[in-house]
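Subject: Structure handover

Hello,

Here is the structure for you to look over. My notes follow below it.

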Amino acid sequence: MSKSDKHLPPLGPDEELLYEHDHRGPVSEFFAPVAGYGVTITSFFRPTVTEQYPFEGPFVQPRFHGRHQLNRYADGLEKCIGCELCAWACPADAILVEAHSNTPDAQYSPGERYGAVYQINYLRCIFCGFCIEACPTRALTMGHNFELSEYRREAEIYEKHQLLVPLADGMLAPPHPMVEGMSDDDYYKGEVTGPTQRQIDWVRERRPEDSSLQSAQQAVAQPVEQEAAR
Ligand code: SF4
Ligand code: SF4
């Protein structure tokens, strides 16, 4: 007993039990030194839970919050309107947005403005998801990709071209005008289902070499062919 223990009150009968080991019988006493192997051996007969990452992708829950992405409307225009609400909502100050005005010759998103500069600093991001909750157009969402390791710190700052989703089949690369007769509200309500012939002609006139023209043209032609076949 140490000097300081002398000043402690004696343990009550219930408290003493807390510090007692369970009594072992002679058989348990005999096997005690190799009892740990029992756990190992029984594990041989249990299903394997080891994941073969990175050779096989790991399973993540459907609502897992991974890397961000900036989404597009069905005609290819960007959903981000440069409002900066995501940046203001971010508790880690990880987002930088700079908005520019759309013009008739350079329309990147429906409405007046678009996100010209968009950066997320993944050295700061804590993947809380506040930014995607704040986004009024669902431009910003989070996918399942969590592989964000880099060798250089600068590389952890993702730029707009890394975050913007690629054009899907049938989309027309911006800039191009909005669908004729549609407002930004209509875009938000999902009324736009793809590019129109007038948008394609506008792009063809200014950027005849644009690689998205062919796919967009096919997407416009298909419903017309289906209508004719009926
Ligand atoms: S997930 Fe959270 S910390 Fe990361 S950018 Fe969005 S708001 Fe900021
Ligand atoms: S991602 Fe959403 S919240 Fe952020 S600037 Fe663009 S539209 Fe606004």
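One cut-off first. A residue counts as buried if 20 or more other C-beta atoms lie within 10 Å of its own, as exposed if 12 or fewer do, and as partly exposed in between. C83 has 18 other C-beta atoms within 10 Å, so C83 is partly exposed. Bear in mind throughout that this is a predicted model.

Overall architecture

The protein has 9 helices and 5 strands. Along the sequence the pattern reads α-α-α-β-α-β-β-α-β-β-α-α-α-α. The radius of gyration is 30 Å, while the globule rule gives 17 Å for 230 residues, so the protein is more spread out than a compact globule. Along the principal axes, the C-alpha atoms fill a box of roughly 90 × 50 × 35 Å. Buried residues account for 20% of the 230 residues. Of the contacts with a separation of 6 or more, 71% join residues 24 or more positions apart.

First cysteine group

UniProt, in an unreviewed entry, gives "binding site" for C80, C83, C86 and C135. These span 56 residues in sequence, but no two of their C-alpha atoms are more than 10.4 Å apart, so they gather at one spot. C83 sits in the loop between strand 1 (68–70) and helix 4 (85–89). C135 belongs to the loop between helix 5 and strand 4 (140–142). With 19 other C-beta atoms within 10 Å, C135 is partly exposed. Beyond its neighbours within four places in sequence, C135 is in contact with L85, C86 and L140.

The four cysteines named here carry the UniProt "binding site" annotation.

C125 is in the loop between strand 3 (113–121) and helix 5 (130–134). C131 lies in helix 5.

C131 has 24, so it counts as buried. Leaving aside neighbours within four places in sequence, C125 is in contact with A92, A94 and I120. On the same terms, C131 is in contact with C86, A89, C90, I95 and L140.

Nonpolar cores

The largest nonpolar core has 20 residues. Those with the most contacts inside it are L70, C80, C86, C90, I95, C131 and L140. Strand 2 (95–101) and strand 3 are the elements that give two or more residues to this core. Strand 3 provides the largest share, 3 residues. Another core, of 6 residues, lies apart from it and includes L172, V203, A216 and A219.

Leaving aside neighbours within four places in sequence, L140 is in contact with H68, L70, C86, C131, I132 and C135.

Best wishes

Conventions. Residues numbered from 1 in each chain as written. Chains lettered and ligands numbered in written order. Predicted model: local features only at pLDDT ≥ 70, side-chain atom pairs only at ≥ 80, totals over all residues. Helix = DSSP H or I, 4+ residues; strand = E, 2+ residues; numbered from the N terminus. Contact = placed C-beta atoms within 7 Å. Core = buried A, V, L, I, M, F, W, Y, C linked by C-beta atoms within 7 Å. UniProt positions renumbered as here; feature names shortened; annotations may be inferred. Rg over C-alpha atoms; globule rule 2.2 N^0.38 Å.
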